[in-house]
Amino acid sequence: MGLTLAQKIIKEHLVCGEMIPGKEIGLRIDQTLTQDATGTMAYLQFEAMNIDRVKTELSVAYIDHNTLQNGFENADDHRFIQSVAQKRGIRFSRPGNGICHQVHLERFGIPGKTLLGSDSHTPTGGGIGMLAMGAGGLDVAVAMGGGTYYIPMPTIVKVELKGKLSPWVAAKDIILEVLRIMSVKGGVGKIIEYCGDGVKTLSVPERATITNMGAELGATTSIFPSDEITKNFLAAQNRADAYTPLSADDDAVYDETIVIELDKLAPLAAMPHMPDNVKSVEEIGKIDIDQVCIGSCTNSSLFDMLKVAAILKGKTVAPNVSLSIAPGSKQVLTMLAENGALADMIAAGARILESACGPCIGMGQSPNSKGVSLRTFNRNFEGRSGTADAGVYLVSPEVAAASAINGYLTDPRTLGEMPEIIMPEKFLINDNMVLMPDSCEEASSRTVLYGPNIKSVPLGRALENTIEAKAVLKVGDNITTDHIMPAGAKILPYRSNVPYLSKFCFGVCDTEFPDRCKKEGGGIIIGGANYGQGSSREHAALVPLYLGVRAVITKSFARMHKANLINSGIIPLTFKNPDDYEKISQSDILMLKNISDAVKNENTAVLLNKTTGEEFILELELSERARNILLAGGMLNYTANN
């Protein structure tokens with residue numbers, strides 16, 4: 001029996017465990033990346049491990065999230081990260097060099113390598129055949145120190161692409177169709193592997209758009225084969241030596257198969273407020289819009305930008321629309337400037353933003369109240385844009401540009417013949433915004449620079465045998481990490497200051513939650529299905545830890561958030577009978593009896609609702625390693641003890 005591409009890379013990097021779906025495996029990590037919203041905490045954790053130098057083949061620290069500097073906090077974080085990078089052997093991508101995933105794809109990604117990033121969209125690297133996964137910052141810090149990365153062995157889903165996209169239909173429409181089919185929780189515990197004759201019709205930037213938004217499926221990662229198209233892309237980046245041909249065996253066996261006929265796809269849009277709320281643009285109709293934002297790690301490549309410029313050329317943005325465009329990297333921005341495409345965008349009335357995440361993470365460009373915003377981004381969660389009552393639609397660059405001109409949601413097929421986009425044979429190579437680390441000798445005298453806003457990492461405590469606490473919050477299905485720990489320009493500067501950050505925890509759901517937690521001395525959170533979907537941000541676990549949350553009980557968890565809860569020493573439990581969720585109310589007094597014994601030895605635990613007198617069986621789906629981490633009160637305690 002042959003192996004799939006993902007299984008081949010896993011086998012090559014397997015440190016421990018068996019490749020049996022659901023069983024824990026340990027992987028050797030070749031490369032890591034961090035960004036500044038999660039990186040400060042990751043490097044504080046790395047520093048706490050007292051390791052002199054990273055042990056990976058390559059680690060890169062990117063500054064791309066917290067780039068609005070309206071106070072000293074973000075600048076201090078950047079300085080801290082730069083000082084750690086120079087001292088510990090990490091390359092440092094300076095502010096303005098671009099979005100981590102776009103730059104890493106261009107300059108550092110290597111087919112067949114493993115990449116672990118403290119950002120949920122790290123699977124972008126699957127566009128060139130990497131096994132690229134998002135994780136919490138602590139997992140990345142451990143990997144930088146040479147530690148093994150642990151995940152449940154995923155099942156493998158084959159997405160067979162047949163035929164070729166019609167004019168005006170884009171790679172974004174492919175992944176939106178996959179989301180429509182699988183839903184935002186349909187990829188949990190799975191790797192999405194793209195195969196079929198349609199693969200060879202897609203460029204690397206198009207493949208990267210698809211693997212990028214695999215994060216919205218909840219998937220462990222997504223991956224394309226490394227083929228001649230990959231080879232040509234790497235050669236154009238002057239990195240031909242990084243190429244390795246990689247593909248699944250002809251007799252590979254998949255756990256699930258989805259077939260998508262590319263020529264039958266139409267322009268699609270994800271409607272508010274979930275990436276899987278997908279309909280065709282034609283079906284949604286000509287709704288009036290207020291804003292268009294083009295960019296993000298999903299759609300900011302040179303290929304995407306050239307398409308947008310061609311549509312805008314000679315036109316003017318509609319008077320009711322604010323159009324912003326953020327090229328994904330300095331390379332992309334410079335090449336747009338040199339070939340005249342940037343001038344076409346500016347002449348049309350576009351507002352050009354720096355090469356960073358920007359509006360996607362809520363850093364500026366918030367829509368007007370009750371505004372309709374079309375975005376080429378990957379998430380449209382409620383409030384993520386910075387405007388609580390905005391309606392955000394996720395669309396392709398073609399739909400975005402066409403709509404910006406007309407002032408309403410527009411099917412780009414109405415524009416006539418699609419412009420031909422000719423990609424350069426060689427990209428502009430200038431890595432002057434990537435700083436190399438100090439040598440070992442130089443590093444010995446370098447000082448790590450902290451700022452007054454940078455506080456220590458909160459630590460858990462060893463697990464007691466009985467936990468009695470109130471249900472301090474009850475929430476529904478598909479709670480995202482944006483719900484738990486919002487982003488945005490007002491909050492992101494405090495990512496390195498958990499005590500201050502705690503004021504905003506669950507602010508989207510319940511503004512009184514932080515004060516209630518402090519008053520009660522912590523508690524237990526009750527959640528629905530797919531709890532913790534979205535970003536890899538471990539702050540969604542660290543802040544509840546700081547507030548005294550001891551356990552989270554749900555119908556089901558998203559993979560990365562469950563791992564972050566374990567790393568923080570918060571027990572993740574699921575209802576054996578999902579209907580029991582309805583039998584617990586916020587403020588009920590709950591008791592987890594003999595919980596340390598259960599964590600140590602059992603697959604179930606008993607929850608007593610002391611308010612009603614009812615008992616429930618909860619499931620403990622934990623590896624032996626995860627059990628020991630929880631007993632110790634979190635990963636940092638576990639590491640110190642071992």
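**Legends to the close-up views**

**Figure 1. Overall view of the predicted model.** The accessible surface of the protein is about 22500 Å², and carbon and sulfur atoms hold 48% of that area. Of the 642 residues, 64% count as buried. The protein contains 22 helices and 27 strands. Along the principal axes, its C-alpha atoms fill a box of roughly 70 × 60 × 60 Å. The radius of gyration is 24 Å, which agrees with the value near 26 Å that a compact globule of 642 residues would have. Among contacts with a separation of 6 or more, 77% join residues 24 or more positions apart.

**Figure 2. Helix H12, residues 341-348.** The buried residues in this helix are Ala341, Leu342, Met345 and Ala348. Viewed down the axis of H12, the buried residues fall within an arc of 130°, so they line one face of the helix. An α-helix has 3.6 residues a turn, so residues three or four places apart point the same way. Glycine 349 follows H12 and has a positive phi, near 105°.

**Figure 3. Valine 392 in strand E19.** Strand E19 spans residues 391-394. The relative accessible area of valine 392 is 5%; because the cut-off for buried is under 20%, this residue counts as buried. Residues up to four places away in sequence aside, valine 392 touches Ala270, Met271 and Pro272, and also Ser373, Arg375, Asn380 and Ser385. Leucine 374 lies 18 residues from valine 392 along the chain, and their C-alpha atoms are separated by 5.9 Å.

**Figure 4. Serine 396 in the loop between E19 and helix H13.** Helix H13 covers residues 397-406. Serine 396 is buried, and its relative accessible area is 0%. With neighbours within four places in sequence left aside, the contacts of serine 396 are Ala170, Lys172, Asp173 and Thr376. From serine 396 to valine 308 the C-alpha to C-alpha distance is 10.0 Å, for a sequence separation of 88 residues.

Conventions. Residues numbered from 1 in each chain as written. Predicted model: local features only at pLDDT ≥ 70, side-chain atom pairs only at ≥ 80, totals over all residues. Heavy atoms only, no water. Buried < 20%, exposed > 50% of the residue type's maximum accessible area, 1.4 Å probe, protein only. Helix = DSSP H or I, 4+ residues; strand = E, 2+ residues; numbered from the N terminus. Arc of directions from axis to C-beta. Rg over C-alpha atoms; globule rule 2.2 N^0.38 Å. Contact = heavy atoms within 4.5 Å. Areas by Shrake-Rupley, 256 points an atom, 1.4 Å probe, with all protein chains shown as cover.
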